[in-house]
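Biologist: Could you take me through a helix pair and a loop residue in this model?
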Amino acid sequence: MDIYNMFTDLFYPRRCAVCDEVIPFGGSLVCDIHTDLPYVESPVCMLCGKEIDSQERELCLDCEKHFRNFDRGFPVFNYVEPVQARVLAIKYHNKLEYCDFYGKAMADKVRPYVKRYGIDVVTCVPVHKRKLRQRGYNQAEVLARVVASELGLPLRTDMLQRKVYTTPQKKLNNLERANNIKESMMTGKVYREYRNVLIVDDIYTTGVTIDVCAGILKKSGAQHVYYSTICIGKGR
């Protein structure tokens, strides 16, 4: 721990990234009692990384039905409590200190695959400038900074752009969600030196957002695109 963070933690104590209780000075990022968090466990879908109910299957029902532009996903937790509330607190209530714990958890999930898949850059799902002004931050970018730092990879937040301000995804059905995202996203800066990209976001629900981003990156020259999120919905 550097001097700046030491003094910050001393005068502005961190709160647990799971229960929001104050962490004693010098403690970890979560309270010691949290030993049974809802980690995604095997067997998992070989595409999106979602839990599935049989070792005999390779894909979840969603990935069997839908073509995916991304090559593989590495979600860390199932989208259930107590993690669900903390992820929403990051997204809507400025609890960015939680990103240290969740970003490191994402990096730990991806780390065994960095060399295997030749992942050479980290990017994130972008937000529109209007939403950035309203919220003051892009939680996916904050998480991506932690992930990139932990993995020792470059971070390029300008590979994707939101060109249209869109309705919040939670208010839309699946078809509307897909059209919404496709109309809003565009290529950002193209980096020809990066071929295998890791996209970071907070939550994977239907997979539409990640999939559109992956398709754009591949059209821009990426060979393979992977993703990691804090949480993934159960889906099917």
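This is a predicted model: local features need pLDDT of at least 70, side-chain atom pairs count only at pLDDT 80 or more; totals for chains, interfaces and linings use all residues.

Biologist: At what angle do α4 and α6 pack, and how far apart are their axes?

Modeller: Helix α4, residues 99-117, packs against helix α6, residues 139-151, at about 45 degrees. Their axes lie 8 Å apart.

Biologist: Which term describes α4 and α6 relative to each other?

Modeller: An angle between 35 and 65 degrees falls in the oblique class, and α4 and α6 are therefore oblique to each other.

Biologist: And is the crossing of α4 and α6 left-handed or right-handed?

Modeller: The α4 and α6 helices cross in a right-handed sense.

Biologist: Which residues meet there?

Modeller: From α4, the contributors include Cys99, Tyr102, Met106, Ala107, Val110 and Val114. On the α6 side they meet Val142, Leu143, Val146, Val147, Glu150 and Leu151. By class, the residues of this contact comprise 11 nonpolar, one polar and four charged.

Biologist: Changing topic, where is aspartate 71 found?

Modeller: Aspartate 71 sits in the loop between α2 (61-65) and β1 (72-73).

Biologist: What is aspartate 71 in contact with, leaving aside neighbours within four places in sequence?

Modeller: Its contacts are Met46, Leu47, Lys218, Gln223, His224, Val225 and Tyr226. With lysine 218, the aspartate 71 side chain forms a side-chain polar contact of 3.1 Å.

Biologist: How many residues apart in sequence are aspartate 71 and leucine 47?

Modeller: They are 24 residues apart in sequence, with a C-alpha to C-alpha separation of 6.3 Å.

Notes:
Residues are numbered from 1 along each chain as its sequence is written. Side-chain values use heavy atoms; hydrogens and water are left out. Axes are lines fitted to C-alpha atoms, for helices over the stretch in contact, and angles run from 0 to 180 degrees between N-to-C directions. Helices (H or I, at least four residues) and strands (E, at least two) are DSSP runs, numbered from the N terminus. Angles under 35 degrees count as roughly parallel, over 145 as roughly antiparallel, 65 to 115 as roughly perpendicular and the rest as oblique. A crossing is left-handed if the near helix is turned anticlockwise from the far one by less than a right angle, and right-handed if clockwise. Contact means heavy atoms within 4.5 Å. Ala, Val, Leu, Ile, Met, Phe, Trp, Tyr, Cys and Pro count as nonpolar, Asp, Glu, Lys and Arg as charged, and the others, Gly among them, as polar. A polar contact is a pair of N or O atoms within 3.5 Å; within protein, one must be able to donate a hydrogen and the other to accept it, and residues adjacent in sequence count only if both atoms are side-chain atoms.
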